[in-house]
Amino acid sequence: MHVSPAVKEAAASVAALRAALRADRAAGLDARSICLRASRSFETIVSGVWEAAGARLPAHDGDAFRDHVALVSQGGFGRREMAPFSDVDLTIIHRPEAASLVPAVARRLLQDLYDAGVEVGQSVRTPAEASALAATDATVLSALLDRRLLAGNAAVFAEVSAGIDALSCADPIGAARRIVEERRREMARFGGTGTVLEPNVKRSAGALRDLHLARWLARLLHGAESAADLATAGLLSAEDVRGLSEAEEFLLGLRIDLHLAAGKAADELSRAEQVRIAEARGIRGG
């Protein structure tokens with residue numbers, strides 16, 4: 001099987017990044033910094049594969065592709081919360097003018113990233129389709145609240161951003177209620193109490209998703225981008241902000257450690273991993 005130079009380069013970059021993240025963690029680098037390094041490196045890797053896929057188009061099609069298509073990171077990738085083996089969550093936003101060009105590039109992007117060692121979650125939508133889905137699907141809405149332009153046409157990205165922003169402003173309380181209800185359904189699947197014996201550090205009650213939920217609600221209801229913004233508005237105390245920051249660092253660190261130990265995406269804190277991590281951190285039962 002022929003492997004393109006772009007895929008070979010991406011695969012080497014992915015392997016080198018994960019080795020570097022392992023070394024960083026062993027050296028004691030904080031979890032948030034590791035996630036930022038992973039996210040920014042994956043942005044570069046994905047953008048390179050995207051550009052190579054688009055370059056295979058004929059010249060005329062390539063011009064239309066550049067004028068009418070944007071590659072957008074969303075979810076954890078958009079938040080720059082990537083753990084070493086997190087899925088890369090992407091949406092390809094295109095105007096109708098490029099509808100015939102996108103499927104082939106989307107398939108190539110998906111295959112090339114998989115061959116490079118990256119798991120991908122990918123959707124393909126027009127700006128109007130993205131807004132319409134976000135209006136009824138809380139998962140789509142919450143993912144796009146954390147959107148970030150990776151590559152492609154900035155004006156197309158601005159179109160989808162305007163649609164999501166308009167949706168959020170039109171009925172912020174309704175949007176917030178839909179997201180809260182989706183979170184309740186997720187907790188029911190992954191553990192709806194804080195006493196789950198082997199919790200999912202991303203999705204169980206009290207896990208990372210509750211921090212995500214707090215940020216989404218802050219953005220929708222108060223136009224705030226961070227806990228610090230809420231504190232400035234008098235809605236949180238300085239102690240609250242510190243507590244949220246410490247919780248995020250702890251949970252992100254657990255997720256990173258689980259990924260590195262498994263050598264793959266792994267968010268379940270099993271009994272064996274609880275014992276191993278406690279021993280590694282010198283944590284003893286009271």
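Hi everyone, let's start in the middle of the protein: the largest nonpolar core has 43 residues, and those with the most contacts inside it are Phe42, Trp50, Leu71 and Leu90. By a nonpolar core I mean a set of buried Ala, Val, Leu, Ile, Met, Phe, Trp, Tyr and Cys residues joined through side-chain atoms within 4.5 Å. Buried is under 20% relative accessible area, exposed is over 50%, and partly exposed is in between, using a 1.4 Å probe and protein chains only. H2 gives the most to this core, with 10 residues. Apart from this core lies another, of 21 residues, among them Leu145, Phe157, Ile164 and Ile179.

A word on the source: this is a predicted model, where local features need pLDDT of at least 70 and side-chain atom pairs count only at pLDDT 80 or more, while totals for chains, interfaces and linings use all residues. Residues are numbered from 1 along each chain as its sequence is written, and side-chain values use heavy atoms, with hydrogens and water left out.

Back to Leu71. Leaving aside its neighbours within four places in sequence, Leu71 is in contact (heavy atoms within 4.5 Å) with residues including Val46, Trp50, Leu90, Ile92 and Leu109.

Now the helices, which are DSSP runs of H or I with at least four residues, numbered from the N terminus. The axes of H2 (residues 31-55) and H5 (residues 102-115) come within 9 Å and cross at roughly 135°. Axes here are lines fitted to C-alpha atoms over the stretch in contact, and angles run from 0 to 180 degrees between N-to-C directions. H2 and H5 are therefore oblique to each other; under 35 degrees counts as roughly parallel, over 145 as roughly antiparallel, 65 to 115 as roughly perpendicular, and the rest as oblique. On the H2 side the contact is made by Val46, Val49, Trp50, Ala53 and Gly54, and on the H5 side by Val105, Arg108, Leu109, Asp112 and Leu113.

What about H9 and H10? The axes of H9 (residues 172-190) and H10 (residues 208-222) come within 9 Å and cross at roughly 170°, and the two helices are therefore roughly antiparallel. Among the residues that meet are Ile179, Val180 and Arg183 in H9, and Leu213, Trp216 and Leu217 in H10.

One last stop: Ala132, found in helix H6 (residues 127-136). Ala132 has 46% relative accessibility, so it counts as partly exposed. Ala132 and Phe250 are 118 residues apart in sequence and 36 Å apart in space, C-alpha to C-alpha. Thanks, everyone!
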